[in-house]
Amino acid sequence: MSRLVILAAIVGVLSLAQGCATKTYGRQSTLTNFEKDSMTWREIDLDLAKTHGFIDHVNKESEFSGKDVLAILGDFGIGNNMEKSAALESANKRIEDLNALKGAKKCGTTAA
């Protein structure tokens, strides 16, 4: 009976450790209509720089660490890979939207 309790405790601890093993990066939000209407050229450039910084942060944080060992043991690292992909996808979508907005507002072009 005590072996069963010890085994259950070990499985429980390993399950809890796995739950904490997946890295989280956050997401970049899509541009709102208010942002599209009100952002200036400078704000668009600043937001582009911030979003590129987010991508750099995700790439740096996704490098191999101790959390990866637990993630590999639990789900072969699939959770961390999915999280990184989703974070980068949200950032790339925001960059696309910002570049489209920049083109629509004719940022960087001079008036004749």
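Here are a few notes on this predicted model, going from the whole chain down to single residues.

1. Let's start with the overall build. The chain has five helices and zero strands. If you read along the sequence, you get the pattern α-α-α-α-α.

2. Of the 112 residues in the chain, 28% are buried. The accessible surface comes to about 7800 Å², and carbon and sulfur atoms hold 63% of that surface.

3. Now, who touches whom along the chain? Take the contacts with a separation of 6 or more: residues 24 or more positions apart account for 90% of them. Keep that in mind when you look at the helix pair below.

4. How do helices α3 and α5 cross? Helix α3 covers residues 41-61 and helix α5 covers residues 78-104. Their axes come within 10 Å and cross at roughly 165°. Angles over 145 degrees count as roughly antiparallel, so α3 is roughly antiparallel to α5. As for handedness, the crossing of these two helices is left-handed.

5. Which residues make that contact? From α3 you have I44, D45, D47, L48, T51, H52, F54, I55, V58 and N59. From α5 come K84, A87, L88, S90, A91, N92, R94, I95, L98, N99, L101 and K102. Sorted by class, the contact of α3 with α5 has 11 nonpolar, six polar and five charged residues.

6. K102 deserves a look of its own. This residue sits in helix α5 and is one of those in the contact with α3. Leaving out residues up to four places away in sequence, K102 touches I44, D45, L48 and C107. I44, D45 and L48 are also listed on the α3 side of the helix contact.

7. Is K102 buried or exposed, or something in between? Its relative accessible area is 25%. Buried means under 20% and exposed means over 50%, so K102 counts as partly exposed.

8. Finally, compare that with N80, which is also placed in helix α5. N80 has a relative accessible area of 8%. The cut-off for buried is under 20%, so N80 is buried.

How values were computed: Residues numbered from 1 in each chain as written. Predicted model: local features only at pLDDT ≥ 70, side-chain atom pairs only at ≥ 80, totals over all residues. Heavy atoms only, no water. Axes fitted to C-alpha atoms, helices over the stretch in contact; angles between N-to-C directions. Helix = DSSP H or I, 4+ residues; strand = E, 2+ residues; numbered from the N terminus. Parallel < 35°, antiparallel > 145°, perpendicular 65-115°, else oblique. Left-handed = near helix turned anticlockwise from the far one by under 90°. Contact = heavy atoms within 4.5 Å. Nonpolar A, V, L, I, M, F, W, Y, C, P; charged D, E, K, R; others polar. Buried < 20%, exposed > 50% of the residue type's maximum accessible area, 1.4 Å probe, protein only. Areas by Shrake-Rupley, 256 points an atom, 1.4 Å probe, with all protein chains shown as cover.
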